[in-house]
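Please keep the sequence and the structure in view while reading.

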Amino acid sequence: MRDLPVHTLGYDSCVGTMTSVATSPKEQILVRFLDGASRGDGALVSSMLLQAGFLLNVSGDDGWTALMLAARSGHSEVVKVLLSKGCDTSLVNKSGQTAYDIARFWGHKHVAGLLSNSKPGDDHQFLDKVEAEAPENFFSRESLDRRCERRTDGKWLEAKRRSPDSVYILFFNLNPLVTSEAEELGVGGPDIKLRRLRVQSVQDLLAKPGTTLVFLGVEKQVSPPPPSSPGDEDGLTVWFALNTDEDPTEHLKLSGSSCFFVKPPMPGLFALSEEEAGVIAQARSVLAWHSRYSFCPTCGSKTRVDEGGYKRTCMKEDCPSHHGVHNTCYPRVDPVVIMLVIHPGGNQCLLGRKKTFPPGIFSCLAGFIEPGEGIEDAVRREVEEESGIKVGPVRYISSQPWPMPSSLMIGCLAVAVSTEIKVDGNEIEEARWFTRQQVIDVLRRGSEPAFVLPPRQAIAHQLVKHWIGMNANL
Ligand SMILES: NC(=O)c1ccc[n+]([C@@H]2O[C@H](COP(=O)([O-])OP(=O)(O)OC[C@H]3O[C@@H](n4cnc5c(N)ncnc54)[C@H](O)[C@@H]3O)[C@@H](O)[C@H]2O)c1
Ligand SMILES: [Mg+2]
Ligand SMILES: [Mg+2]
Ligand SMILES: [Mg+2]
Ligand SMILES: [Zn+2]
């Protein structure tokens with residue numbers, strides 16, 4: 001017996017609740033059994049199977065069997081019980097996924113291991129496809145080769161600093177210099193472009209005490225090019241970033257150009273190409289660190305810039321920061337979790353509004369990871385703090401450097417195990433469950449969208465898109 005019509009019960013396949021009375025004793029038994037599997041109650045599953053062996057391969061709503069429900073929540077004990085009874089691991093739900101697919105998708109490696117051992121020849125194309133399609137996020141493209149080993153090679157850096165082939169990008173108070181001149185921009189390309197300067201244009205600025213210089217890396221090479229300038233033996237084109245806190249316009253020797261400094265984050269930086277946004281993510285974060293950490297955080301003394309702008313060394317001889325690993329000497333990155341919370345039923349997602357958002361915008365919840373906290377726990381804590389929703393399984397999807405000033409957004413999908421929303425009212429003024437259809441209408445810019453999503457350059461947008469691209473009911 002398969003596909004017992006339990007839809008009528010309103011059985012919720014993740015939290016295992018019954019929202020109305022089951023219509024027959026057999027259906028009631030099935031609901032209890034599936035509920036036990038999804039909650040990880042191995043003892044209940046075992047004893048029910050002893051009395052009603054037919055339950056083993058029966059599915060409820062959307063074709064989910066006990067094995068699939070246990071696999072989704074990583075309940076390996078229940079999975080072992082079901083496997084020991086000889087359950088059918090090849091069954092698929094109405095979205096075409098096996099229990100193995102579901103375990104892999106939610107990152108339950110131990111469960112996926114148990115399931116793959118029991119069925120070595122299985123084909124899991126669905127998951128491979130989902131993984132291959134993880135989005136590339138704006139600000140995350142590594143356009144330059146960082147060549148970290150060159151940061152301590154003072155002679156090489158100095159030669160490159162003087163080289164007429166080196167590229168300088170300039171920031172004024174952390175805002176990059178760009179151009180919107182038509183001839184610089186290709187058809188259908190970005191709206192603005194970084195203004196690439198040469199050493200002769202920035203010579204005066206380099207000599208000023210308030211200027212910070214950072215070695216970003218070298219242009220990536222397909223094959224080694226011939227040497228381009230006399231004395232410049234490796235032919236590598238180096239990029240540097242400069243920041244100044246005084247208006248540099250009068251020191252710039254630029255011929256007839258219409259350049260301006262663009263303020264982050266929106267819409268300014270979002271108008272750059274993916275390649276240049278990647279350079280900005282690196283440059284702006286390091287420069288912002290220099291502007292905030294001028295003095296030694298350990299003893300308050302003056303510091304010296306070293307390693308091509310990737311280290312600040314305390315000038316006080318006996319400062320403790322000279323011994324051991326001191327994360328005060330190197331550029332800082334703040335990890336932030338950002339998550340799309342999926343309703344236990346699989347077909348709605350949770351989005352929230354900060355008080356500061358423009359009208360209509362709803363986005364993924366997000367929050368800084370705290371010291372001593374892992375990614376999954378930070379996701380669960382922030383979601384509960386901001387929306388009152390409890391979260392079970394968490395799966396990492398992709399990350400995004402966010403150079404305002406220096407966050408790393410860690411994008412996750414998370415399955416809710418409760419549904420009642422209670423916003424904190426402080427950070428988040430409103431949170432709502434939106435259906436897949438509402439989200440699809442927003443992404444397709446339908447005539448009456450229920451809300452507005454952040455633009456494609458925000459990882460929140462990509463997480464929502466990723467969820468829509470997946471099969472339903474994971
Ligand atoms: N790229 C995107 O799609 C996207 C979307 C949402 C948020 N974000 C970014 O994520 C970051 C964090 O999100 P949030 O504001 O919701 O976090 P949050 O929910 O943790 O709340 C922010 C508050 O946490 C405190 N805090 C704790 N640790 C902090 C730290 N290391 N730095 C600064 N404040 C800290 C501060 O009081 C701050 O006001 C923000 O900077 C935001 O710009 C990016
Ligand atoms: Mg937050
Ligand atoms: Mg928060
Ligand atoms: Mg927080
Ligand atoms: Zn010091």
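## Thr313 and its surroundings

Setting aside neighbours within four places in sequence, Thr313 is in contact (heavy atoms within 4.5 Å) with Lys302, Thr303, Arg304, Asp306 and His322. With Asp306 there is also a polar contact between the two side chains, at 2.5 Å; such a contact is a pair of N or O atoms within 3.5 Å, where within protein one must be able to donate a hydrogen and the other to accept it, and where residues adjacent in sequence count only if both atoms are side-chain atoms.

Thr313 belongs to strand β9, residues 311–314, where helices (H or I, at least four residues) and strands (E, at least two) are DSSP runs numbered from the N terminus. Its relative accessible area of 11% makes Thr313 buried, a class defined as under 20%, with exposed as over 50% and partly exposed in between (1.4 Å probe, protein chains only).

## Basis of the model

The model is predicted, so local features need pLDDT of at least 70 and side-chain atom pairs count only at pLDDT 80 or more, while totals for chains, interfaces and linings use all residues. Residues are numbered from 1 along each chain as its sequence is written, chains are lettered from A and ligands numbered from 1 in the order in which they are written, and side-chain values use heavy atoms, with hydrogens and water left out.

Donors here are N, O and S atoms within 2.8 Å of the metal (3.2 Å for Na, K and Ca), and water is not among the atoms, so sites may look incomplete.

Glu382 lies in helix α11 (residues 375–387) and Glu427 in the loop between β14 (407–416) and β15 (428–435), so the pair ties together parts that are 45 residues apart in sequence. Glu386 bridges this magnesium ion and the magnesium ion (ligand 2), and the two ions lie 3.2 Å apart.

Glu382 counts as buried at 7% relative accessibility, whereas Glu427 is partly exposed, with a relative accessible area of 28%.

## Thr435 and the fold as a whole

Thr435 lies in strand β15 and counts as partly exposed at 31% relative accessibility. The C-alpha atoms of Thr435 and Cys349 are separated by 6.5 Å, although these residues are 86 residues apart along the chain.

Overall, the protein has 13 helices and 15 strands, and buried residues make up 50% of its 474 residues. Of the contacts between residues at least 6 apart in sequence, 70% join residues at least 24 apart.
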